[in-house]
Amino acid sequence: MSEEWRVHETVHEEDAGIEASGETGQGGAGDRERVFAPLPPAHGRGFARTWWGQTWLKALEETALDNQQLRLGRRFARQGAVGAVSVRPGRITAVVLGSDRTPSRADVLLRELDEDEWDRLLEVIVEQAGHIAALLDRDMPPRLVEDAADVGLELLPGIGDLDPECSCGAWDHCPHTAALSYQMARLLDEDPFALLLLRGRGERELLEALQDRSTARAAARTTGQTGDTSAGDEESEGVDAAEAFALGMLLPPLPQQPSPVIETGRIAALESGTGGAPGLDTDALTFLASDAAATARRMLAAAVAPGHGARPLPHPLTVWEDAVRLAAARPGPEVTARLAEGCGRSRTELEVAVRAWELGGPDALTVLTEDWSPAPEVLQRACEQLERSFSQEEVGADLRTSGARWTVVGRDAQLRYGPDGRWWPYRRQRDSWWPAGGPERDPAAALAVALADDEEPGGQAG
């Protein structure tokens, strides 16, 4: 974890601020509070790159009644006016400096899940080894959120779920609580476990509960296969191999294997100062090796997950798609430039494609690069949905259609219809069309995002 995302363990609250000090125990109640050090100013970037961070900001922006307060809060967050952020079950807290540098304590509340809801959520997570592996990689897979919704749980906040409290006395979202919420989106980008803590469970507590359930499920399967054991027999212990792989960091380590190699040597070509490989880009090679290891881990976790054999194989990525995937991992300017050059694309084209990939992977990239003609009944239905939600005066101009792309004449806004039946909002920035948010089934919802007055390209709320 980088210095930017350094986490302290405890927080002491005062009327005017928050101080971080001390340590807490591992797991249990001591695992239910984290304090993230203040983040540097967010120059030249949006506040949410991931789809779950975007969903968090959407809940904020659709809840707040005063857009002027949101804009001022966004400015505070961008300038680095938000102090250390304390995350606890049901509440995030920080001290925010106002325009005159006066500190205010800001809190944003989100309902905790109760014990019954957590029981259902744990079952959802443990059911798929891929869910556990993704969380350990600090990723929030959309399938996990969808599976949770199937059992009646909403992990991410919706309209009205983010409840503000501030020492400035405002009853709605003020600039201080808005700034805290924008900063929280940056934290969620890097660590979705912060969202789960906000919903009521710390990371260690959550992973230990998953380990216990996996062990119990494995024991139950073993008993079912071998029949009931006698009273004097020792209970079968162990964990299924698929779950053991996904939960490997939690289980006791295996006995160390004897090895004839005392110390693993480094690859000679990567050693600094050697002349054995002139022209070798060690930074790029290191990045590719790390990416290959992470990809292999994800593929193996998916391969051992239940039902994997019945799922269709994903289509192989093209050279362009794979280059965008690699660039989305932020390998640094030199490697990014080489990726763009290798695909015959400009840096801006690659930036736009990375933004699309972060919002929807290959599907979003298809919408970005390809145009097609939807069926007439699809267009007619979309027109009716837009007419019910927007008047011509509200849009400000007519919609010009070209295949699957609908451009608002006179506004830097566009809708694109994807082959999967979802609408994607776009905004024109720096002479290019940038994805402005994730997909929506309702074209009116996508148009509302596209018409929003974003501050920068590629950032719905930045």
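Hi everyone, let's start with a pair of strands: β11 and β12 run antiparallel and pair over 5 bridges. Strands here are DSSP E runs of at least two residues, helices are H or I runs of at least four, and both are numbered from the N terminus. Two strands pair if DSSP finds at least two bridges between them.

Before going on, a word on the source. This is a predicted model, where local features need pLDDT of at least 70 and side-chain atom pairs count only at pLDDT 80 or more, while totals for chains, interfaces and linings use all residues. Residues are numbered from 1 along each chain as its sequence is written, and side-chain values use heavy atoms, with hydrogens and water left out.

Back to our two strands. L415 stands opposite P425 in β12, and L415 is also the β11 bridge partner of W406. Between β11 and β12 there are 5 residues, making a hairpin, and G421 in the turn has a positive phi of about 85°.

Which strands make up the sheet, and in what order? There are 5, in an open sheet ordered β9-β10-β11-β12-β13, with antiparallel pairing. β9 (399-402) and β13 (432-435) are the edge strands, each pairing on one side only. On average, neighbouring strands are turned by 30° against each other, direction ignored. Axes for such angles are lines fitted to C-alpha atoms, for helices over the stretch in contact, and angles run from 0 to 180 degrees between N-to-C directions.

Moving along the sheet, β10 (residues 405-408) is joined to β11 (residues 413-417) by 4 bridges.

Is β12 enclosed or open? 6 of its 7 residues are buried, so β12 is largely enclosed by the rest of the structure. Buried means under 20% relative accessible area, exposed means over 50%, and partly exposed is in between, using a 1.4 Å probe and protein chains only.

Helices cover this sheet too. Helix α13 (residues 347-369) lies across β10, β11, β12 (423-429) and β13, at about 50° to β13. Helix α16 (residues 443-450) packs on the sheet as well, touching β10, β11 and β12, with its direction at about 20° to that of β12. Contact here means heavy atoms within 4.5 Å.

Now the cores. A nonpolar core is a set of buried Ala, Val, Leu, Ile, Met, Phe, Trp, Tyr and Cys residues joined through side-chain atoms within 4.5 Å. The largest has 61 residues, and W56, L121, L155 and M184 touch the most other members. Helix α6 (residues 175-190) gives the largest share of this core, 8 residues. A second, separate core has 26 residues, including A284, W320, V335 and L365. As for M184, it touches W56, V85, V87, I92 and A194, not counting residues up to four places away in sequence.

After α5 comes G152, with a positive phi near 85°.

Last stop, the charges. A search of the whole structure finds 21 salt bridges, each a side-chain nitrogen of Lys or Arg within 4 Å of a carboxyl oxygen of Asp or Glu. One of them joins R88 and E33, at 3.5 Å from N to O. R88 is in strand β5 (residues 85-88) and E33 in the loop between β3 (17-20) and β4 (34-36), so this pair ties together parts 55 residues apart in sequence. R88 counts as buried at 13% relative accessibility, and E33 is buried at 19%.

Another bridge pairs R138 with D191, whose closest N and O atoms are 3.1 Å apart. R138 is partly exposed at 25%, whereas D191 is buried at 2%.

Finally, R32, E115, R201 and E205 are linked in a network of salt bridges. Within it, E205 and R201 meet at 3.9 Å, N to O.
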